[in-house]
Amino acid sequence: MNETADPPWEQANQRYLMAALGRVREALASTIARAGDQTTASPTQSAQLALEEARDQLPAPSALDTLCAAFGLSPFERGVLLLCAGLELDSAFAALCARAHGDLRRAYPTFSLALAALPDAHWSALTPVAPLRHWRLIEVGAGEALTTSPLRIDERVLHYLTGVSYLDDRLRALVEPVHAPSELPPSYRALARRIAEGWARAQPGQPQPAILLCGDESAGKRAIAAAACAALGIQLYALRATEIPQTVNEREALARLWEREAVLSGSALLVDCDEMEGTEGARATVSFVEAVRGLLIVSSREPLRARTRAFIRFDVSKPSAAEQKALWHSTLGSVASHLNGQVEAVVTQFNLSLQGIRAASAQIQHSLSDERPAAGASLWEACRVQARPRLDDLAQRIEPAATWDDLVVPDLQRQILREIAAHVRQRSTVYDSWGFAAQGARGLGISALFAGASGTGKTMAAEVLANELRLDLYRIDLSSVVSKYIGETERNLRRVFDAAEEGGAILLFDEADALFGKRSEVKDSHDRYANIEISYLLQRMEAYRGLAILTTNLKNALDPAFMRRIRFVVQFPFPEAAQRADIWRRIFPSDTPTISLDVERLARLNVTGGNIRNIALHAAFLAADEQEPVGMTHLLRAARGEYAKLEKALTDAEIRGWM
């Protein structure tokens, strides 16, 4: 016995759609016959039989039946949709429409034609709130009246009926597909499973609460959302909150368009609010979230407050240290054995996202595949590169060039600086392995105050520490942080600290007394909010896992609350003659030609190391222009220029015996 295999769904769906169009075509023919008073036999059952036969051959529900059920179309609305589809798919429909209208120029469907030709007609199907127009399944063209205006099926809906699925062109520029990663840390898998199980338990037809993923780990939130959707066989798309229209009409149109697409393609939407700023953007986002129904996930650093939409909130942080270590070994594979234990070191220092770990692993594997030395693109350096992008947009990165040999400070200050480096290197051992972190997160941040006059070596000391610890050094531009607008300073500080967390970068708040001044007595609202800003900064400094360095020329200007919370205070004194002589010995690079320089006489110049550098650099330019080695004559001219800039008199005692 020969068995005939069931036809593929696409072929069966096409056959069923054409059979359904056949019934509408018969209805049009009957309308034409009635209008001409033609005598016809009893209604034929051939179209109905063809439709039933085609339905029996479907291995799964047809696109037409699925769409009608999803949008709740009545039999009449289904017929209107098919009438519009027939014009695109069956060449006979245009002529039938023209004959039914009695006008060859009107070779298109209208509501009046549908009301006359299709069974179970009802006027409510024509309203804007009924499914056909609410979901933009059909479009009403220009005309003198609603019932006589031409109707056209939406192109996305037409292709869906034929079995062709794609993302609507109007959404393609706004949303992007998010795919589930091949591997997730256990904590992320658990969150994804809870989301998927919650959606699976929801009652059909009941509104779904939106999922709110909070925290700074953007890549992790996306991965969790995509994994939850993948578990249910749902495609996830992401829409950035910055793309949501500000006008009500455009926003409502986008919401309806997405809801329709979600039904047609079986998709969920992730609204990414992580980069959202400003109250106007927040209002538009909340309005959009409240308008959209269906499976919705919102990713936001802070909780999003909606009036009419229920949220189920999950807080997402970066993978734990143990999870990061496992991810490193998994992504590096056999390469991990060539890294001499660097994995444990980078987990201690860097707090990278899933995306950052994968990117750094790919960089290491690429360097090894090219047979370049692993040190040329070490894991540590790859992690530094991955941690930079967010902070590069917020602060100035300083390439540290100074070393311990370049730094001229008293022994006590040098010892404190070495202790600062030891605290940063060993914080994981003391906090985690020895249990200090278990006693509370307060006071775990490493902060240092560098106090002293300009040019005494504060910034150079920060460079030395960055070089010693192999960490990035960022100078914070206070003019871009401090704001006169209430709440803006805290927001800027949060962005800086959050961005720095990934790499534990060294943050240098230069001339910090402008920001970290004494908290004032509360006399008005501005004083109160200024004190709130300082309190917020204190909290972030205490929780920051890296090193924060504050420099000031006026130590006494700092708030006492800061002094209690600052772990190290390094006073950079004005250099004495012996220290100035030491600076002069190191100031000229080895390639600089010099002649007959008297360091002891140069040390009589009563200036700081920063001024000494300015003088040496100026003298080098003078000598180069004269095509001579740098000599005392050039240095004297340069010193006079520097003193004039300082509005300071160059005394005879300082330059006696120079010539």
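Tyr-237 and Trp-258 are both buried in this predicted model. Tyr-237 belongs to strand S5 (residues 235–240) and Trp-258 to helix H12 (residues 248–265). A search of the whole structure gives six aromatic pairs. One of them is formed by Tyr-237 and Trp-258, with the ring centres 6.0 Å from each other and 70 degrees between the planes. The arrangement is edge-to-face, because planes over 60 degrees apart are counted that way. This pair links distant parts of the chain, its two members being 21 residues apart.

Elsewhere, ring pairs join Phe-497, Phe-509 and Tyr-544 into a cluster.

Rings also take part in contacts with arginine. The charged end of Arg-156 sits over the ring of Tyr-166, and Arg-418 lies over the face of Trp-404. The distances to the ring centres are as follows.

| Charged residue | Ring | Distance to ring centre |
|---|---|---|
| Arg-156 | Tyr-166 | 4.9 Å |
| Arg-418 | Trp-404 | 4.0 Å |

The remaining topic is a helix pair. Two packed helices are described by the angle between their axes and the distance between the axes. Helix H4 covers residues 75–89 and helix H5 residues 92–101. Their axes come within 6 Å and cross at roughly 120 degrees, and H4 and H5 are therefore oblique to each other. On the H4 side the contact is made by Leu-82, Leu-83, Gly-86 and Leu-87. Phe-93, Ala-94 and Cys-97 make it on the H5 side. By class, six residues in this contact of H4 with H5 are nonpolar, one is polar and none is charged.

How values were computed
Residues numbered from 1 in each chain as written. Predicted model: local features only at pLDDT ≥ 70, side-chain atom pairs only at ≥ 80, totals over all residues. Heavy atoms only, no water. Phe/Tyr/Trp six-rings, centres within 6.5 Å; stacked < 30°, edge-to-face > 60°. Helix = DSSP H or I, 4+ residues; strand = E, 2+ residues; numbered from the N terminus. Buried < 20%, exposed > 50% of the residue type's maximum accessible area, 1.4 Å probe, protein only. Lys NZ or Arg CZ within 6 Å of the ring centre and 35° of its normal. Axes fitted to C-alpha atoms, helices over the stretch in contact; angles between N-to-C directions. Parallel < 35°, antiparallel > 145°, perpendicular 65-115°, else oblique. Contact = heavy atoms within 4.5 Å. Nonpolar A, V, L, I, M, F, W, Y, C, P; charged D, E, K, R; others polar.
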